[in-house]
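Here are a few exercises to work through with the model open beside you. Try each task before you read its solution.

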Amino acid sequence: MGLKNNSERYGWLSIALHWIMALAVFGLFGLGYWMVDLDYYSEWYRRAPSLHKSIGITLIALWIFRVFWRVIQQSPKSLDTHKPWERKVSKLTHLLLYVLMLTIMISGYLISTADGRGIEVFNLFTLPSLGELVTNQEDVAGEIHEVLAYIILGVAILHALAALKHHFIDKDQTLIRILRR
Amino acid sequence: MKKMMIASALTGLLMMPLANAADYIVDTRGAHASVNFKIKHLGYSWLTGRFDKFDGKFNYDSANPEASEITFNVDVTSLNSNHAERDKHLKNDEVLGASKHATATFTSTSVKDMGNGNLKIVGNMTLKGVTKPMTIDAEKIGEGKDPWGGYRVGFSGTTLLSLADFGVQIFGDSSHATLDIQIEGIRQ
């Protein structure tokens, strides 16, 4: 019961996907930020990137499922108290978060696979490489990966602040809807 | 006056065979040249890699090798150690700083003939925006006509590069990299 969305509420699956992916996005940002400055002799020098890549690839799978799950069913309507500009901005923000997530994950994949090597995911399987698609792919993809990661962090914070604004200032159901069924 | 003219004519004649120094362009199009490096990993093994893009030109006369000159440019961003993540790491600002200083250049200032086709090429090396004197130990491998109507000469050169000299980050005890350069020039 309550697995799927209805016109008023998010289903359990949407709620779970939202929070698991939110945790993964912030976790990956923190892990990535920390791991790039690790000393070569740190015991995490090899483990941290390996974990970062494994979580990232898992997130791509979740992203695909989440988009599928969103497309095949209705999303809850905006609350009547939401102003037209709020609806526009929130829809744009959601779209941006989806697009940024995908672009960041693809660029990350392209860094590690630029030399033809696949990506090992939690030592379970190897996601194959598509080879080098552009010259100095690891540099180009790396640049994109880094810049967009900062951008998504900003957009995600904006998204969270907006939710808090609805909860504490407007005192409406916006945040509650994504917290419980 | 007459004596001087004869003398200078004779000198001119004597100089003749020395005066056929030719200009050569390093054969990058046919890839008969390579810029390789090796550096110790953790002190346990040699890591080898190369720079895929470079160009160079030199002039050389086997009768007067000390008059030779060479300039050589390497595209640092073309570093290739057969591992993209490592390449990215080695090109970053702490190590080679390839985005800010994409070109490394060696320009010879003098050449010393060590006999038996061996040369000491003294010059200036610019890497990561820093210019320092550097000496390359070179050996002529061979020269002559090629089967397609051209004329070629080839050299092998090695030098030890101190990373600290050029502000390149050092990992552990790996303070020096050996550069191993193979070139074949096509006479212009």
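**Exercise 1. The interface**

How many salt bridges does the rule find across the interface of chain B and chain A?

Solution. Some ground rules before we count: this is a predicted model, where local features need pLDDT of at least 70 and side-chain atom pairs count only at pLDDT 80 or more, while totals for chains, interfaces and linings use all residues. Residues are numbered from 1 along each chain as its sequence is written, chains are lettered from A and ligands numbered from 1 in the order in which they are written, and side-chain values use heavy atoms, with hydrogens and water left out.

- Step 1: apply the rule, a side-chain nitrogen of Lys or Arg within 4 Å of a carboxyl oxygen of Asp or Glu. Three salt bridges turn up between chain B and chain A.
- Step 2: pick an example. K91(B) and D139(A) form a salt bridge through their side chains, at 2.7 Å from N to O.
- Step 3: see where chain B makes its touch. Helix α2 (residues 84-91) of chain B gives the largest share of the side that touches chain A, six residues; helices here are DSSP runs of H or I with at least four residues, and strands are runs of E with at least two, numbered from the N terminus.

**Exercise 2. Area and contacts**

Work out how much area is buried between chain B and chain A, and which residues of chain B lead.

Solution. 

- Step 1: take the contact (heavy atoms within 4.5 Å). Chain B brings 14 residues and chain A brings 14 residues.
- Step 2: take the area, meaning the accessible area (1.4 Å probe) that two parts lose on being put together, summed over both. That comes to about 1,200 Å², with 49% from carbon and sulfur atoms.
- Step 3: A84(B), E85(B) and K88(B) supply 38% of what chain B buries against chain A, more than any other three residues.

**Exercise 3. Strands of chain B**

Which strands does β7(B) pair with, and in what sense?

Solution. 

- Step 1: get the overview. Chain B has two helices and eleven strands.
- Step 2: pair the strands (DSSP must find at least two bridges between them). Strand β5 (residues 69-75) of chain B runs antiparallel to β7 (residues 103-115) of chain B over five bridges, and D75(B) sits opposite T103(B).
- Step 3: move on to β8 (residues 118-127) of chain B, joined to β7(B) by nine bridges, again antiparallel. Here K112(B) stands opposite K120(B).
- Step 4: check the turn. β7(B) and β8(B) make a hairpin with two residues between them, and N116(B) in the turn has a positive phi of about 55°.
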